[in-house]
Amino acid sequence: MNAVMDRQELLELYSHGERNFTEIRFNDGDLYAINLSGADLSNVIWEEFDLSRANLRGVNLRDAKLKDSCFDHSDLSAANMRGANLRWSSFNFANLTEADLREIICENNSFYQANLVGANLMGVNFGEANLRKADLRGANLTGADLTKVIFDKTIMPDGRIQNGNHRRLEVENK
């Protein structure tokens with residue numbers, strides 16, 4: 001599907017069972033509290049969108065362009081976001097449990113109090129991301145660059161609490 005649509009059209013198609021919205025373009029950036037759980041949204045271009053409080057559980061956002069978007073308080077558990085461009089996006093208080101975030105593009109992201117338990121974060125360059133009070137228990141950080149990340153009461157994959165910022169960390173995955 002390669003079309004331009006608004007929120008109402010998207011919701012109508014979704015309510016009728018459509019789940020394939022690959023490469024969709026929207027003319028409205030307000031998707032606040034939308035329910036698109038299980039949808040295929042790969043390759044969408046949603047830059048500067050409000051997706052706060054959205055139910056995006058199990059969605060496919062692979063290679064999506066989601067730059068400068070807000071996912072605060074959203075449920076992205078088990079989402080596939082591999083390779084997505086997430087520069088300047090906010091995930092404060094978001095549920096990213098078991099999400100696939102391999103190779104995402106980060107820059108100045110905020111994951112304040114985000115739940116990243118069991119998330120796959122292999123190879124992610126977090127840049128100067130805010131991971132204050134984030135929960136990373138059981139997350140896979142193999143090859144991730146955390147050298148400029150801001151930590152404060154962050155729960156690391158091994159369960160220990162990390163404070164401070166701009167430190168080289170050796171992360172063990174158990």
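Predicted model: local features only at pLDDT ≥ 70, side-chain atom pairs only at ≥ 80, totals over all residues.
Me: Before we look at single residues, what does buried mean here?
Reply: The term rests on the relative accessible area, and a residue between the two cut-offs is called partly exposed, while one over 50% is called exposed.

Me: How many degrees lie between the planes of tryptophan 46 and phenylalanine 49?
Reply: A search of the whole structure finds 7 aromatic pairs. Tryptophan 46 and phenylalanine 49 form a stacked one, with 5.7 Å from centre to centre. Since stacked planes must be under 30 degrees apart, the angle has to fall below that cut-off, and its value is 15°.

Me: Which arrangement do phenylalanine 93 and tyrosine 112 adopt, stacked or edge-to-face?
Reply: The ring centres of phenylalanine 93 and tyrosine 112 are 5.4 Å apart, and their planes are at 80°. Planes over 60 degrees apart fall into one class, so the pair of phenylalanine 93 and tyrosine 112 is edge-to-face.

Me: How many residues apart in sequence are the parts tied together by phenylalanine 93 and tyrosine 112?
Reply: Phenylalanine 93 is partly exposed, with a relative accessible area of 39%, and tyrosine 112 is partly exposed too, at 25%. Both lie in the loop between strand E2 (25–26) and strand E3 (150–155), so their pair ties together parts whose separation in sequence is 19 residues.

Me: Which residues do ring pairs link into a cluster?
Reply: Aromatic rings pair if their centres lie within 6.5 Å, and such pairs can join several residues. Here the ring pairs make a cluster of Phe71, Phe91, Phe111 and Phe126.

Me: How many residues does the largest nonpolar core have?
Reply: In soluble globular proteins, nonpolar side chains tend to be buried together. In this chain, the residues with the most contacts inside the largest core are Trp46, Leu66, Met81, Leu96, Leu116 and Phe126. Leucine 116, for example, touches residues including Leu96, Leu101, Phe111 and Leu131. The size of this core is 52 residues.

Me: Is cysteine 106 buried or exposed?
Reply: Cysteine 106 is found in the loop between E2 and E3, where it touches Arg87, Val124, Asn125 and Phe126, leaving out residues up to four places away in sequence. Its relative accessible area is 11%, and because the cut-off is 20%, cysteine 106 is buried.

Me: What is the relative accessible area of asparagine 92?
Reply: Asparagine 92 also lies in the loop between E2 and E3. Leaving aside neighbours within four places in sequence, asparagine 92 is in contact with Asp72, His73, Ser110, Phe111 and Tyr112. Asparagine 92 counts as buried, with a relative accessible area of 15%.

Me: Which residue follows helix H1 with a positive phi?
Reply: At the start of H1, which covers residues 7–15, a side-chain oxygen of aspartate 6 reaches to within 3.2 Å of the backbone nitrogen of glutamine 8. After H1 comes a residue whose phi is near 95°, and this residue is glycine 17.

Me: What is the radius of gyration of the chain?
Reply: The chain has 1 helix and 4 strands, which run β-α-β-β-β from the N terminus on. For 174 residues the globule rule gives 16 Å, and the chain comes close to this, so it is as compact as a globular protein of that length; its radius of gyration is 16 Å.

Key:
Residues numbered from 1 in each chain as written. Heavy atoms only, no water. Core = buried A, V, L, I, M, F, W, Y, C linked by side-chain atoms within 4.5 Å. Buried < 20%, exposed > 50% of the residue type's maximum accessible area, 1.4 Å probe, protein only. Contact = heavy atoms within 4.5 Å. Phe/Tyr/Trp six-rings, centres within 6.5 Å; stacked < 30°, edge-to-face > 60°. Helix = DSSP H or I, 4+ residues; strand = E, 2+ residues; numbered from the N terminus. Polar contact = N/O pair within 3.5 Å; in protein donor to acceptor, adjacent residues only side chain to side chain. Rg over C-alpha atoms; globule rule 2.2 N^0.38 Å.
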